[in-house]
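Please open the model in your viewer and keep the selection tool at hand. The tour moves through a few selections, with a note at each stop on what is there.

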Amino acid sequence: MHVLALVTQKGGSGKSTLAVGLAVAAMRDGERVALIEADQQGTISKWQERRDNPYPRVERVAEPADIEAIIARLAAEGVWLAIIDTAATNNVLAMRAIALADLCVIPARPSPADIEAAIPTLLAIRRQKRRFAFVLNQTPPRGARLSEAATSLNALGVLALPFIGQRNDHQDALGAGFGVSEYARGGKAADEIHALWSWIAKKLGEEALAHGQAAIRRAS
Ligand SMILES: Nc1ncnc2c1ncn2[C@@H]1O[C@H](COP(=O)(O)OP(=O)(O)OP(=O)(O)O)[C@@H](O)[C@H]1O
Ligand SMILES: [Mg+2]
């Protein structure tokens with residue numbers, strides 16, 4: 001099973017919105033997907049209450065020690081992808097999510113404040129030697145601020161593509177209990193989320209391949 005963690009101590013950068021959007025986009029590919037809510041704020045479980053479809057399933061976790069057991073149980077049940085949504089703080093729960101993630105996704109709006117605030121999270125990810133990618137979220141159509149932000153994030157590490165634009169569909173989908181790709185099928189927001197999921201899936205595939213090759217080397 002692959003584990004993604006949406007992390008950054010900066011509040012409101014889009015962790016929950018992207019967690020939901022990516023989970024539903026991944027389901028379209030027939031993947032068995034689960035969301036793990038590691039944020040007492042409850043954005044994901046409130047979203048699920050507004051939703052008719054029981055999938056993706058949502059697991060709530062409050063104790064850092066419990067995340068590992070939940071991941072093991074989901075894997076045993078055949079879940080292929082678990083996406084952990086964390087709180088806007090580098091608390092123990094977020095650190096545990098980072099430690100267990102195959103890929104940490106760090107959303108940042110194209111503002112110096114978001115990028116600066118992501119640095120402590122980035123340092124924690126590096127300390128734990130986890131893979132990561134930034135996602136520029138809530139971006140304007142174009143402009144110098146956007147390219148400056150992209151340059152800063154590229155200098156700090158990998159920047160996922162595409163950028164996720166500032167679009168009402170994300171807010172409306174969250175409010176209506178849908179993933180954005182269900183809510184506004186064929187819209188720009190849906191297209192961007194599908195493309196971001198493809199980018200991430202490719203990264204996860206490379207990781208799985210690397211693990212597989214390491215296992216073959218160990219066995220031979
Ligand atoms: N690409 C986007 N376009 C438009 N609105 C967005 C986009 N991404 C997020 N939002 C909105 O921005 C607000 C904050 O997003 P979200 O709750 O996902 O952030 P968060 O990082 O999970 O916040 P917190 O740190 O409080 O958990 C929400 O109202 C959400 O609907
Ligand atoms: Mg959130």
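Which residues of E5 lie on one side and which on the other, and are they buried or exposed? In this predicted model, select strand E5, residues 103-108, where six of the six residues are buried. Leu103, Val105 and Pro107 lie on one side and Cys104, Ile106 and Ala108 on the other, and both faces are covered. In a regular strand the side chains alternate between the two faces of the sheet.

Then bring in strand E6, residues 132-139, which runs parallel to E5 and is joined to it by five bridges, with Ile106 standing opposite Phe134 of E6. To follow the chain from E5 to E6, display helix H5, residues 112-127, through which the chain makes a right-handed β-α-β crossover.

Now select ligand 1 and the 18 residues around it, of which Lys15, Ser16, Thr17, Gly165 and Gln171 come nearest. A polar side-chain atom of Lys15 is 2.8 Å from an oxygen atom of the ligand, while an N or O atom in the side chain of Gln41 lies 3.2 Å from a ligand oxygen atom. In the side chain of Asn137, an N or O atom is 2.9 Å from a nitrogen atom of ligand 1. Of the 630 Å² of accessible area that ligand 1 has on its own, the protein covers 83%.

Finally, colour the shell around ligand 1 by element: H1 (15-28), E6, E7 (164-165) and H7 (168-176) each give two or more residues, and H1 provides the largest share, three residues. Coloured by residue class instead, the shell divides into two nonpolar, 13 polar and three charged residues.

Conventions:
Residues are numbered from 1 along each chain as its sequence is written. Chains are lettered from A and ligands numbered from 1 in the order in which they are written. This is a predicted model: local features need pLDDT of at least 70, side-chain atom pairs count only at pLDDT 80 or more; totals for chains, interfaces and linings use all residues. Side-chain values use heavy atoms; hydrogens and water are left out. Buried means under 20% relative accessible area, exposed over 50%, partly exposed in between (1.4 Å probe, protein chains only). Helices (H or I, at least four residues) and strands (E, at least two) are DSSP runs, numbered from the N terminus. Two strands pair if DSSP finds at least two bridges between them. A crossover is right-handed if, with the strands pointing away from the viewer, the path from the first strand over the helix to the second runs clockwise. A residue is near a molecule or strand if one of its heavy atoms lies within 4 Å of it. A polar contact is a pair of N or O atoms within 3.5 Å; within protein, one must be able to donate a hydrogen and the other to accept it, and residues adjacent in sequence count only if both atoms are side-chain atoms. Accessible areas come from the Shrake-Rupley method with a 1.4 Å probe; for residues, only the protein chains shown count as cover. Ala, Val, Leu, Ile, Met, Phe, Trp, Tyr, Cys and Pro count as nonpolar, Asp, Glu, Lys and Arg as charged, and the others, Gly among them, as polar.
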